[in-house]
Amino acid sequence: MTIKGIKSKANDFLDEILFFIYKSFLQPSMPRFGAYLRKVSSFYKLCFNSSGIPMRYSFKKLIFHPMYPVYVVNDYLGQYESNPNSELKKAIICIIDGALEYFHEDREKMVFWYEPDMGIGAWSHRYYSGLTQAHYCSVLQRAAIMFNRKDLAHKAKKIFNSLLIPCDSGGVYFYDGSIVSIEEIPTSPASLVLNGWLSIIDDIQSYYSLSEDLEAKNLLERTVGSLETLLPLYDAEYLKN
């Protein structure tokens, strides 16, 4: 092994130790993760900052990524459904409120912008992700129903609205005259990444089933129809096993 490789492994080992110390002794007390999230939390180096917001630990730094609150809130909501208690409810609302502070809100929409200097995005320019937005409108609507919070339903609707902004206007809605897709990451030409597209459809379906938002129903019907048309093109016979 090269000197560079040894240094890299030593740094990784040190980061693991520091992460363990922070998680064990320094982070605030929060409800225990469910079984699945416990398994993956070490991989993500998932922990909480002093305000109770899920973060990634990296060499003494806490880095916010918008997906981490979604993972934790979904986990806590699942626990709450089977065992309602004030500790879980308080944690869920705390995380949602804290995560939404990172969003930019105007009269019609709410968006989490991936900025170039954040170090968490896929591109060197500012953009938002259809996948991130769809996850949030689904989980917020779920929490709104569970806790009878109309304010969360209103924010879920504003986040959903961001999915209807065309790609050529800085949004994630792709339409070429026949195909309708919500882009995980807006690109030109459209990427139409299958797993991201399927996840977005699943979130829109979840949001619609809880909200009965007719705009969501319309979008769902159009994009699922487009996916059905294109799905055979994703087959790769030579890779079948």
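Residues are numbered from 1 along each chain as its sequence is written, and side-chain values use heavy atoms, with hydrogens and water left out. Because the model is predicted, local features need pLDDT of at least 70 and side-chain atom pairs count only at pLDDT 80 or more, whereas totals for chains, interfaces and linings use all residues.

Helices (H or I, at least four residues) and strands (E, at least two) were taken as DSSP runs and numbered from the N terminus. Helix α4 covers residues 86-100. The expected span of a helix is 1.5 Å times one less than its number of residues; for the 15 residues of α4 this gives 21 Å, in agreement with the 21 Å between its end C-alpha atoms. Asn85 caps the N-terminal end of α4, with a side-chain oxygen 3.2 Å from the backbone nitrogen of Glu87. A polar contact is here a pair of N or O atoms within 3.5 Å; within protein, one must be able to donate a hydrogen and the other to accept it, and residues adjacent in sequence count only if both atoms are side-chain atoms.

Relative accessible area was computed with a 1.4 Å probe on protein chains only, with buried meaning under 20%, exposed over 50% and partly exposed in between. The buried residues of α4 are Leu88, Ala91, Ile92, Ile93, Ile95, Ile96, Gly98, Ala99 and Leu100. An α-helix has 3.6 residues a turn, so residues three or four places apart point the same way. The buried residues of α4 pack against strands β1 (46-48), β2 (54-58) and β5 (110-111), and against helices α3 (67-82), α5 (130-147) and α6 (150-161). Contact means heavy atoms within 4.5 Å.

Lys158 is placed in helix α6 and is buried, with a relative accessible area of 6%. The side chain of Lys158 reaches the backbone oxygen of Asp106 at 2.6 Å. Not counting residues up to four places away in sequence, Lys158 touches Glu105, Asp106, Arg107, Glu108, Lys109 and Met110.

A nonpolar core is defined as a set of buried Ala, Val, Leu, Ile, Met, Phe, Trp, Tyr and Cys residues joined through side-chain atoms within 4.5 Å. The largest such core has 64 residues, and Tyr76 and Ile204 have the most contacts inside it. Helix α5 contributes the largest share of this core, nine residues. A second, separate core of five residues includes Leu18, Phe19, Tyr22 and Cys47. Leaving out residues up to four places away in sequence, Ile204 touches Phe160, Leu163, Ile182, Ala216, Leu219 and Leu220.

Rings of Phe, Tyr and Trp (its six-membered ring) were paired if their centres lie within 6.5 Å; planes under 30 degrees apart count as stacked, over 60 as edge-to-face and the rest as tilted. By this rule the count comes to 17 aromatic pairs. Phe112 and Tyr114 form an edge-to-face pair, at 5.1 Å centre to centre and 85 degrees between the planes. Phe112 is buried at 0% relative accessibility, and Tyr114 is buried at 5%. His65 lies in the loop between β3 (61-63) and α3 and is buried, with a relative accessible area of 19%.

A charge sits over a ring if NZ of Lys or CZ of Arg is within 6 Å of the ring centre and within 35 degrees of the ring normal. Arg126 lies over the face of Trp113, at 4.2 Å from the ring centre, and Arg222 over the face of Tyr175, at 5.0 Å.

Most residues other than glycine have a negative phi, and most peptide bonds are trans. A cis peptide bond joins Ser188 and Pro189, with omega about 0 degrees; Pro189 is in the loop between β7 (180-182) and α7 (194-211). Asn148 has a positive phi of about 55 degrees, lies in the loop between α5 and α6 and is exposed at 64% relative accessibility. Glu212 likewise has a positive phi of about 55 degrees; Glu212 is in the loop between α7 and α8 (214-230) and is exposed at 62%.
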